[in-house]
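Here is a short note to go with the model. Please read it with the structure open.

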Amino acid sequence: MKFEESTAKGLLKDFGIEIPRGLVVSTPDAAVEAVRALGPAMLKAQVPAGKRGKAGAVRRVETPDEAAEVAASILGMELDGWLVTRLLVEEAVVIEREFYAAVMIDFKARAPLLLFSTEGGMDIEEVAARNEDAVRRIALPNKGDLTPAELEAALEGLHLDAGAVAVVLAKLVQAWRALDGELLEVNPLALTGDGRILALDCKLEMDDSAAPRQAEAAALARPEPLTNLEAEAAEAGLKFIDLGGSVGILANGAGLTMTTIDAVQHYGGRACNFMEIGGEAYTKAETALQILLKHPGLRSLLVNFCGAFARTDVMADGVVKAWQRLQPNVPIFFSIHGTGETEAVALVEKELGITPFAEMDQAVRAAVEAAA
């Protein structure tokens, strides 16, 4: 789940992190009134996309008249597939220093990680590429938190009020844990001319699986924009993600599907899609196939079934019947292993005249070559 800046900063405020005064508007006229109330302000497109400033979707205005013109130019923009329908009009503040702070998962260490840099306001990748020492990596325990004193010690030598910054970082970590965050990034975390430490921006991504216990926060997330095929699949109860490639994939289980996508890439191809039809989804094989066949880039189809509890012959039967009804003109390749494998292979050979490959890699290579 992804959140707009205004929503994310509202959640930060609940944890005692200070943010600038601001109003969310959806029309140029409302932006004018907001600037009248706030004075010189920043107008920011409210979409969960990066590099808004570089796209001209974050701009400073001094007067209400200027606000009307700038708001009209930003509303209706499309950034990374997100349509701008709302703006955050936020008081302009005098910035003395800009920091970068983020909490995320360090997958290699299998533990939370806090990143901090005194070079905020720009892409952290550029900062780290230029000087690795410019970014402090502070390991966090899986259970419990570092105290402000421990965080203060981790900021030693950065020539700042480490105590004040550590208090804010402790709150940021608390918010990340409480919100089941995948990523909580504040850039910049600003020291203002009057000595306050404010979150001037915030990027929040929350684990989708946490939605049931984060119902209140999850309701505030911005729904992902869907392509026409993704929307059609969702309506049919299928999870389809358009990956833009030429090798269509039908596999049972999310893990096997992602492995298949990786294998296609390994052999020089690119997958059209993510769409697994395991479990009861095999009953929707015809619908799944119809959706996949509409993909404009489709050049070959790879069916990869591996059964443990689920029977591969039952899943194969759904695909075979769908294929016979739809009779598509696209090469299809099978890899079938596990429970019901003998019956599934015999079924595909009898009904379609196709022999499934003995190894998954063979099927993947054949599908990639056919799509080239």
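**Notes on the predicted model**

1. The largest nonpolar core has 40 residues, and Leu12, Phe116 and Leu155 touch the most other members. A nonpolar core here is a set of buried Ala, Val, Leu, Ile, Met, Phe, Trp, Tyr and Cys residues joined through side-chain atoms within 4.5 Å. Buried means under 20% relative accessible area, exposed over 50%, and partly exposed in between (1.4 Å probe, protein chains only). At least two residues of this core come from each of H1 (5–13), S7 (95–106), S8 (111–117), H6 (162–178), S10 (181–192), S11 (197–199), S12 (203–206) and H7 (215–218). H6 gives the most, with 10 residues. H labels are helices (DSSP H or I runs, at least four residues) and S labels are strands (E runs, at least two), numbered from the N terminus.

2. This is a predicted model: local features need pLDDT of at least 70, side-chain atom pairs count only at pLDDT 80 or more, and totals for chains, interfaces and linings use all residues. Residues are numbered from 1 along each chain as its sequence is written, and side-chain values use heavy atoms, with hydrogens and water left out.

3. What does leucine 155 contact, leaving aside neighbours within four places in sequence? The partners are Phe116, Arg136, Ile138, Ala162, Val165, Ala166 and Leu169. Contact means heavy atoms within 4.5 Å.

4. A second, separate core holds 32 residues. Among them are Ile277, Leu301, Val303 and Ala322.

5. Check glutamate 205, in strand S12. Is this residue buried or exposed? Glutamate 205 is buried, with a relative accessible area of 18%. Not counting residues up to four places away in sequence, glutamate 205 touches Met1, Lys2, Gly181, Glu182 and Leu183.

6. Now the helix pair. H9 (residues 254–266) and H13 (residues 360–371) pack at about 55°, with axes 9 Å apart. Axes are lines fitted to C-alpha atoms, for helices over the stretch in contact; angles run from 0 to 180 degrees between N-to-C directions. H9 and H13 are therefore oblique to each other. Under 35 degrees counts as roughly parallel, over 145 as roughly antiparallel, 65 to 115 as roughly perpendicular, and the rest as oblique.

7. Thr259, Ala263 and Val264 in H9 meet Met360, Val364 and Val368 in H13.

8. Overall, the chain has 13 helices and 17 strands. Of its 372 residues, 48% count as buried. The C-alpha atoms fill a box of roughly 80 × 50 × 40 Å along the principal axes. Among contacts between residues at least 6 apart in sequence, 67% join residues at least 24 apart.
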